[in-house]
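Please open the model in a viewer and keep the selection tool at hand.

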Amino acid sequence: MQPTQTAVQPPHTTLPRPPSQAPGQQSPARIGPYEVFQLLGEGGMGRVFLARSPGSRLVALKVIRPEYAEAPNFRGRFRREAESARRVSGFFTPPVLDADADAPQPWLATAYVPAPSLHDVVRGFGVLPETGLRALGTGLAEALLAIHDAGIVHRDLKPGNVLIAEDGPRVIDFGISSAVDATQVTRTGAVVGTPGFMAPEQIMSSREAGPAADIFSLGCVLAFAATGQGPFGSGGTAEILYRAVHHPPQLDGVPTALRPLISACLDKDPARRPSAASVLAGLGSADPAALLTDGLREDLARREAHAAVLVSAPPVPMVSLAPSADPSATGAPSGPSRRRFLWIAAAGTTVAAGGGAAALAGWRSERDKTPARGGGGAAGTTGRPEPEVPAGPKPQWSVPLKKLEGARLQLLGDTLVHWEQRRAIAYDPATGKQRWTGSLRLPSDVSSDPKWLGVRGSTLFAAAWSGEQGYLSGVDAAGKQKFTHAVTKTRAGASSADFVDDILSADGSVAVVGTSGHKGYGVLAVDLGSGEVLWSRPINGSDFQAYAAGGLCFLQDNGTLRGLGLRSGAERWKVRDVVKPGAYPHLATDGKTLLVTSTKAQAFRATDGKKLWTAVNETTTISAARVRGERAYLYDGPGTAFALDMRGGKQVWHTASPVRLTTPGGAKSEGPTVSSSVVAIATWATGDTPGFVVLRASDGKPLWAHQPTRKTGGKSDWLLQISGSTLFAASETTLHAFRSDKP
């Protein structure tokens with residue numbers, strides 16, 4: 001007989017507590033740009049907070065424990081895994097929105113899903129019937145397809161990491177487990193995972209856990225949802241782990257029709273387990289509504305209402321949670337604490353809030369507070385804008401954009417390309433009219449869609465993977481496919497080919513590509529004409545970058561900088577300890593000088609690696625540099641833009657921004673957008689609305705700033721590109737063209 005869902009008292013929906021009821025350690029007031037509401041949970045890797053973004057989007061903010069952050073190489077691994085996780089774009093996986101590996105405690109933000117976990121659903125509403133199990137299984141299999149397609153292994157798929165929303169399940173906590181796992185293996189010999197839901201190979205050797213380990217966990221999760229317990233019973237940790245390795249699973253209570261598929265997922269041999277695609281096909285079509293009961297619907301409605309209140313709650317003044325050190329200090333009249341304010345808002349009480357986005361007025365460089373910058377000679381001139389920064393000009397044209405997650409905007413010759421991993425759309429820069437949508441003819445052994453990697457030189461690159469081979473494709477400015485080359489193949493001792501993760505750089509007919517696989521990361525150079533892999537080399541850490549120019553490939557690998565022959569891969573020179581491992585620097589060059597930016601800007605002679613100068617030496621990460629002519633332009637976290645002379649590192653000028661600049665870190669950060677006359681930088685206004693500011697390239701004087709309302713400005717950083725005197729700026733919804741040098 002099929003198990004049925006039992007009507008029981010629904011679990012209580014957690015709401016923010018008033019200050020007097022907050023147990024234990026209080027939540028921080030703000031983490032990065034996010035306003036923190038409450039602690040959602042705590043686990044082995046860290047603490048998870050419910051928070052709100054500057055654009056009023058609720059996020060689940062995972063903050064990593066200090067012991068991991070302090071471990072060697074962890075930050076680089078975390079950064080690389082977070083960037084990979086941002087490429088996951090499946091429907092059943094909440095998008096990864098942001099991350100900061102350089103924070104005192106690294107954090108990662110994902111879209112918040114107001115839904116209970118599968119664990120709570122089964123405990124509160126009973127086990128799932130067969131139709132519900134099929135709906136759960138198809139959602140989880142599709143989620144794993146998206147996760148694995150991005151080169152990620154989840155490693156900790158369990159009922160607590162599956163949320164049950166009204167339109168289906170969501171898999172959370174993917175993307176950083178391997179970074180934590182590698183650290184735990186190094187420190188303690190332990191592995192990341194949950195007893196009862198870990199594959200045998202993960203238990204025996206975490207480094208051997210591949211996508212098949214997630215399939216094993218999927219089988220365990222389905223067994224739990226069908227029976228209320230894992231397939232290897234309960235008891236002590238060692239006992240459960242031993243059963244998972246040596247004993248057959250207990251599937252009593254699993255619907256007969258699903259037992260063969262779940263048994264196959266739980267095969268001890270990972271090679272005999274079905275793929276995620278096979279699981280999806282085996283489950284057939286399913287209706288997410290089969291997961292819902294009346295009680296669960298009521299629970300979801302309460303959570304949605306709670307989230308709506310938090311989204312619309314007014315911004316809270318950022319006052320210290322600690323009492324003043326000086327009891328005699330005077331200030332604003334005392335009132336409800338920030339936590340009390342948030343609790344009142346979350347409880348549904350209407351409160352008055354004055355003010356909105358602050359005007360861009362009264363901004364001046366402080367004459368006696370010139371930023372203290374190490375190295376680089378004289379400070380140069382300091383931009384001193386007028387009391388008010390002019391508003392931007394009216395756009396020459398504006399066109400609506402299709403909604404893309406994690407979008408980028410790049411120029412491909414005379415074409416604008418707005419792209420994400422799954423889609424690339426080209427626009428005419430003169431009119432904004434759509435020219436083409438990227439499409440590729442892929443080899444017959446590729447069953448999934450291509451992943452767009454971005455523009456380098458005259459090519460828009462994409463990657464595809466068949467299991468046996470990894471492919472690199474290219475499209476020109478007209479949208480015509482130029483090539484598709486197999487650049488990775490299954491190596492001896494490996495179960496599949498490496499993934500093509502990134503197009504790191506391109507110079508002429510040679511592209512430098514980043515790869516990853518079960519044995520780690522790598523870099524290879526490809527002749528784009530013939531498809532020949534000219535050379536490849538393994539990478540010592542997850543923190544690596546490459547830049548190709550002038551017949552050389554500059555490679556930063558876990559703190560060591562190398563100059564390689566672009567076509568030969570032969571090492572010309574090497575400099576150790578350029579940055580600390582995990583600093584994740586950016587590389588740029590004018591052909592003669594290589595510039596490395598992390599917490600400082602360091603210059604090296606391109607021909608032999610000789611250290612030339614250091615400038616803008618800070619304690620926080622600075623942006624990637626954009627080199628134009630003999631100058632490099634960059635900005636820092638505190639909000640100052642710089643122009644450096646590439647010949648000696650002298651600061652030509654530095655200017656404090658009128659509004660908060662976009663956080664400079666991140667693997668995909670490209671720094672400011674530069675033309676011969678202006679420098680444009682994405683910003684966040686005092687009112688937490690994204691926009692951008694335009695500075696004069698010659699002296700750093702602010703020319704104008706575009707700060708739209710929250711309604712029209714969106715919630716994400718604006719994307720900027722310049723061609724001639726036209727500045728192209730894209731919000732989440734609209735692409736604009738502005739005359740760049742005139743307000």
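Which residues in α3 meet Val-221, Phe-224 and Ala-225 in α7? Leu-118, His-119, Val-122 and Arg-123 do so, contact meaning heavy atoms within 4.5 Å.

The model is predicted: local features need pLDDT of at least 70 and side-chain atom pairs pLDDT 80 or more, whereas totals for chains, interfaces and linings use all residues. Residues are numbered from 1 along each chain as its sequence is written, and side-chain values use heavy atoms, leaving out hydrogens and water.

Select residues 118-125 (α3) and 211-227 (α7) together: their axes lie 9 Å apart at an angle of about 20°. The two helices are therefore roughly parallel (angles under 35 degrees).

Next, select β40, residues 719-723, where 4 of the 5 residues are buried (under 20% relative accessible area, 1.4 Å probe, protein chains only). Gln-721 stands opposite Phe-728. In the hairpin of β40 and β41, 2 residues lie between the strands, and Gly-724 in the turn has a positive phi of about 60°.

Finally, select β13 (residues 424-427) and β14 (residues 434-437), antiparallel strands joined by 3 bridges. Ile-425 stands opposite Thr-437. This hairpin has 6 residues between its strands, and Gly-432 in the turn has a positive phi of about 85°.

Terms used:
Axes are lines fitted to C-alpha atoms, for helices over the stretch in contact, and angles run from 0 to 180 degrees between N-to-C directions. Angles under 35 degrees count as roughly parallel, over 145 as roughly antiparallel, 65 to 115 as roughly perpendicular and the rest as oblique. Buried means under 20% relative accessible area, exposed over 50%, partly exposed in between (1.4 Å probe, protein chains only). Two strands pair if DSSP finds at least two bridges between them.
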